[in-house]
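The following note sets out points for a colleague who has the model at hand. Please read each point alongside the coordinates.

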Amino acid sequence: MSAPSRKLLAADEAVRQVLFDGARVMCGGFGLVGGPLTLVAAINRSALKDLTIISNNLPDPGVHLGKTLLLGKVRRAIGTYFTTNPDVGRAHAEGRLEVTLIPQGTFSEAIRAGGAGLGGFYTPTGVGTLLAEGKEVREIDGRSYVFERPLTADVALVRARRADALGNLVYEKTARNFNPIMATAARRVVAEVDEVVPVGDLDPEQIVTPHLFVDHLVIATERL
């Protein structure tokens, strides 16, 4: 690792600095792949509560965000599917968890729109279903589209492979998933990485998230 980065913090300190009770938190990952496991573990050690988690799902039962749920820290979950974790359905049925389901492509575009500063977008996905109830539906060139609002957050917790000391991020294959767009759609961003290298060591063509989006870096200590 390079000389210490001014952005580099321990996971528990990063969580203390950026998160607060009731925060809207984007969390990268598809299942556990590409998830910021070290940062979520720090949340689970904290006293934080009433969080809104914006993530593809809450994987897995009793671990990662699934453990965050069991600890009673999650008030609302916004994501694309939760059937891999029966604890989510149970918490929702018992009134302990509010759940918002969004089709996966719509979820991705809503985050991208949030990061781009757009007011929303029209999509044919969900038209005529329960997911469109209460939303504007407009006909464009003979086809019906439902209006979807953007998704933004107070904090995004993302997972990357490498960073330089400025916070430029390089991702690892499919572990990239939702992480880059989430990094654009939150007021503050903490990136969990395997290593931090000196500025200039990263191939500029491989940098996906520029450092201007990243507030803090954390070295990963929990891995799949």
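Helices, as named in this note, are DSSP runs of H or I with at least four residues, and strands are runs of E with at least two, numbered from the N terminus. The model is a predicted one.

1. Thr106 and helix α5. Thr106 belongs to helix α5, which spans residues 104-116. With a relative accessible area of 4%, Thr106 is buried, because the cut-off for that class is under 20%. Beyond its neighbours within four places in sequence, Thr106 is in contact with Phe121, Thr123, Thr125 and Glu148.

2. The largest pocket. This pocket holds about 330 Å³ of space. At least two lining residues come from each of β3 (74-79), β4 (98-101), α5 and β7 (143-148). By class, the lining consists of eight nonpolar, three polar and six charged residues.

3. The second largest pocket. About 230 Å³ of space is found here. The lining numbers 14 residues, with Gly34, Arg159, Ala175, Asp194 and Leu224 closest to the centre. Six of the lining residues are nonpolar, two are polar and six are charged.

4. Thr100 and Arg76 are 24 residues apart along the chain, and their C-alpha atoms are separated by 7.8 Å. The side chains of these two residues, Thr100 and Arg76, are joined by a polar contact of 3.0 Å. Leaving aside neighbours within four places in sequence, the contacts of Thr100 are Arg76, Ala77, Ile78, Gly79 and Phe82.

5. Asn179 and its surroundings. Which residues does Asn179 touch, not counting those up to four places away in sequence? They are Gly28, Gly29, Gly34, Leu157, Val158, Arg159 and Tyr171. Asn179 lies in helix α6 (residues 179-184) and is buried, with a relative accessible area of 0%. The side chain of Asn179 reaches the backbone nitrogen of Arg159 at 2.9 Å. A further polar contact, of 3.4 Å, links the side chain of Asn179 to that of Asn177. Asn179 and Gly35 are separated by 144 residues in sequence, yet their C-alpha atoms are 8.5 Å apart in space. Two of the residues that Asn179 touches, Gly34 and Arg159, are also among those closest to the centre of the second largest pocket.

6. The loop between β10 and α6. Lys173, in the loop between β10 (169-170) and α6, has a positive phi of about 50° although it is not a glycine. Asn177, found in the loop between β10 and α6, has a positive phi of about 20°, and it too is not a glycine. Are these residues buried or exposed? Lys173 counts as exposed, at 71% relative accessibility, whereas Asn177 is partly exposed, with a relative accessible area of 25%.

7. Thr209. This residue is placed in the loop between β12 (195-197) and β13 (216-219). Beyond neighbours within four places in sequence, Thr209 is in contact with Gly167, Asn168, Leu169, Tyr171, Pro180, Ala183 and Val214.

8. Strand β1 (residues 24-27) runs parallel to β2 and is joined to it by three bridges. Val25 has Ile53 as its bridge partner in β2. Strand β2 (residues 51-54) is covered on both faces, with Leu51 and Ile53 buried on one side and Thr52 and Ile54 buried on the other. Helix α2 (residues 37-45) has eight of its nine residues buried, so it is largely enclosed by the rest of the structure. The buried residues are Leu37, Thr38, Leu39, Val40, Ala41, Ala42, Ile43 and Asn44.

Terms used. Residues numbered from 1 in each chain as written. Predicted model: local features only at pLDDT ≥ 70, side-chain atom pairs only at ≥ 80, totals over all residues. Heavy atoms only, no water. Buried < 20%, exposed > 50% of the residue type's maximum accessible area, 1.4 Å probe, protein only. Contact = heavy atoms within 4.5 Å. Polar contact = N/O pair within 3.5 Å; in protein donor to acceptor, adjacent residues only side chain to side chain. 1 Å grid on protein atoms, 1.4 Å probe; cavity = no way out; pocket = protein on both sides within 12 Å on 5 of 7 lines; lining within 4 Å. Points joined across faces, edges and corners; volume = space filled by probe spheres on them. Nonpolar A, V, L, I, M, F, W, Y, C, P; charged D, E, K, R; others polar. Pairing = 2+ DSSP bridges.
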